[in-house]
Amino acid sequence: MEDNKTNIFKPKIFSASVKDSGMNDFIFLTDLKQDTCSVSDECVKHIKIPSSNFSNAIKTVSSIVHPDDSALLSDCFRKLRNGETSSNDFIVECRFATPDGNFVPVAIRAKYIPALNILTGTIKLKSSKRDDITGLPLEAKMISDYNAVRRQQGSVSGFILAIRIEGLEHINSNFGLEVGDNIFNIVAKACVDAQIENTRAYRISGNKIAMLNVGGGTATDAQGIYQALKRRIGDIEFDLDYSVVFTISAGIVAFINDMSELKDLIKKADFSLSMGKKNGKNNLYFFNNSEYSKHINRLDLHEKLRESVKDNFRGFEIYYQPVIDATEFDPKTGGQKVHVIGAEALLRWGPPNSEKIPANQVIPVLEETGLMAPVGRWILMKAFNQCHIWNQFDKNFHMSVNLSYVQLERSDILFDVQCALEKTKVNPENITLEITESGYIDHDELQRLFDELHKLRINIDIDDFGTGYSNLRYIQNLHANTLKLDYSFVQKAVKGKDGDSERRVIEHIINMAHDLGMKVCLEGIESENDVEILSKLRPDKFQGFFFGKPVSSYAFLDKNKQYFRDNAPQQSGEPEEIS
């Protein structure tokens, strides 16, 4: 019957009362352009802010958030600035410092108004004992319960099942926060109903619920709870006639005779939860210590890279790999007559006096942390300046620089390129920007960018051609200068069991590219045998370890000076500093 159906538009099923929660609401307004914030006078008594009107708003707020919640708050700001949310809602739950040196849980709910560049809404002080939306005990109670067992027994066995509602942001945006709260409430009640012996549900930071077992429960028991919850979610969606659809992701960390602090186990459960989402929503992930170690190392790299950027890019270095004119290379000479026509600039990073980490490990971390834009500008400046210096030895020497798709999407790359050209005075015709085919990039925007770059007389290469989404006709419309076929593609042609077939594909690409007025560079050349086989296909350029590994500017000049069109004088190839 209709009366028995779940109604998410009715008041919450259960929640703590305002009186019990001790909740207070404070209105605030943040001017993101001026970086100022105004908040209710009463708020100063409860949260450690300098006054009801203060400047350096973002820095001040970041300084009072609990260290364990700082990444969550920063991520919300980042998504808002980069337009990564489906609405202009700013919703986050974290802990703020209080004037007496403690922390208080708060719920921030606000709207971003792009036209005015302001963020306005409310800060709600929450009960330190129970969540005002679901009525569930909070993390402080979870810690207390865990520690009580650990004190009594010396160690703890059981599990944490961390649960997150997927699609809640979409529900808040389309149906309103009240509906989102009720959905959260329904899931919380389902968790309570699914509790087994020695297991209890708690509300923790963000849109998450944790189910803690300290009575010897196993990962299998936790998996059973998760499956029961999924069945209940299915029933709820049926009751709602599928007008609102959502899923739950979960992560499990099980422990036996463990003496760890609960916060460390929660971090592992959070990691498992994030991995579950990464592997696809509506998923369950069992904690994997090996993957977690990689995660911790990645976080450590995050912090070190951030410090390097702050310290004037200390530890970053550009390595250079030669690009060879394949049309003039004669395999019969054994590589004695090699014409180096340019180099590809490749990023390396590492602490002083340590081995450098290659770009394929560093770039993804820079992209995740928002550091790719400043580092990208630094790369452009360094590489362009090095090209300008080496053009004194060979006026036609080219420099290739890779662009990350994050640079294309989140920074004014055209402005950055123009600044680098102006400051280094390099001949733009000697600069090549390499862009990898990517489904993340809007093709129309890419076309407009290419048109503007061509007006600056800069060359465009398509890196890793054949591994992405584009065809030759599309690339030709972009007026690309060179197609680069990557290592795996090339090596299959010389070592793969279907080498003949792969070579025919490469030859077909080369012929079509030439017909369309483009050149082709074959990467991953490792031996003289590779050159002998591939030279017959008539490529324009070669690149690979056979001709030289990426090295510092000093080593590149020392190794390749004999190959430049003009004999390079004996002097350092290190670029001068550009301010």
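The questions below cover helix pairs, then cavities and a pocket.

Mentor: Happy to! Bear in mind that this is a predicted model, with residues numbered from 1 along each chain as its sequence is written, and that local features need pLDDT of at least 70, while totals for chains, interfaces and linings use all residues. Side-chain atom pairs count only at pLDDT 80 or more, and side-chain values use heavy atoms, with hydrogens and water left out.

Trainee: How are H6 and H7 oriented to each other?
Mentor: Helices (H or I, at least four residues) and strands (E, at least two) are DSSP runs, numbered from the N terminus. The axes, lines fitted to C-alpha atoms, for helices over the stretch in contact, have angles that run from 0 to 180 degrees between N-to-C directions. For H6 (residues 177-193) and H7 (residues 219-239) the axes come within 10 Å and cross at roughly 140°. Angles under 35 degrees count as roughly parallel, over 145 as roughly antiparallel, 65 to 115 as roughly perpendicular and the rest as oblique, so H6 is oblique to H7.

Trainee: Which residue classes make up the contact of H6 with H7?
Mentor: Contact means heavy atoms within 4.5 Å, and here Ile186, Val187, Ala190 and Cys191 of H6 meet Leu229, Arg232, Ile233 and Ile236 of H7. Ala, Val, Leu, Ile, Met, Phe, Trp, Tyr, Cys and Pro count as nonpolar, Asp, Glu, Lys and Arg as charged, and the others, Gly among them, as polar. The contact therefore divides into seven nonpolar, no polar and one charged residues.

Trainee: Are H8 and H9 roughly parallel or roughly perpendicular?
Mentor: H8 (residues 262-278) and H9 (residues 289-310) have axes 11 Å apart. Lys267, Lys268, Phe271 and Met275 in H8 meet Glu291, Tyr292 and His295 in H9, a contact with three nonpolar, one polar and three charged residues. The packing angle is about 95°, so H8 and H9 are roughly perpendicular.

Trainee: Is the crossing of H16 and H17 left-handed or right-handed?
Mentor: The axes of H16 (residues 487-495) and H17 (residues 499-515) come within 6 Å and cross at roughly 130°, which makes H16 oblique to H17. A crossing is left-handed if the near helix is turned anticlockwise from the far one by less than a right angle, and right-handed if clockwise. The crossing of H6 and H7 is right-handed. That of H16 and H17 is left-handed.

Trainee: Which helix gives the largest share of the lining of the largest cavity?
Mentor: On a 1 Å grid over the protein atoms alone, a cavity is a set of points where a 1.4 Å probe fits but cannot get out, and a pocket is an open set with protein on both sides within 12 Å along at least five of seven lines; lining residues have an atom within 4 Å of a point. The largest cavity holds about 220 Å³, and its 20 lining residues include Phe28, Thr30, Cys37, Val61 and Ile123, the closest to its centre. By class, the lining has 19 nonpolar, one polar and no charged residues. The largest share, four residues, comes from H2.

Trainee: What volume does the second largest pocket have?
Mentor: Its lining has 39 residues, with Glu344, Leu346, Asn402, Asp463 and Asp464 nearest the centre. These 39 lining residues divide into 19 nonpolar, 10 polar and 10 charged. Grid points are joined across faces, edges and corners, and a volume is the space filled by probe spheres set on the points. For the second largest pocket, the volume is about 1100 Å³.
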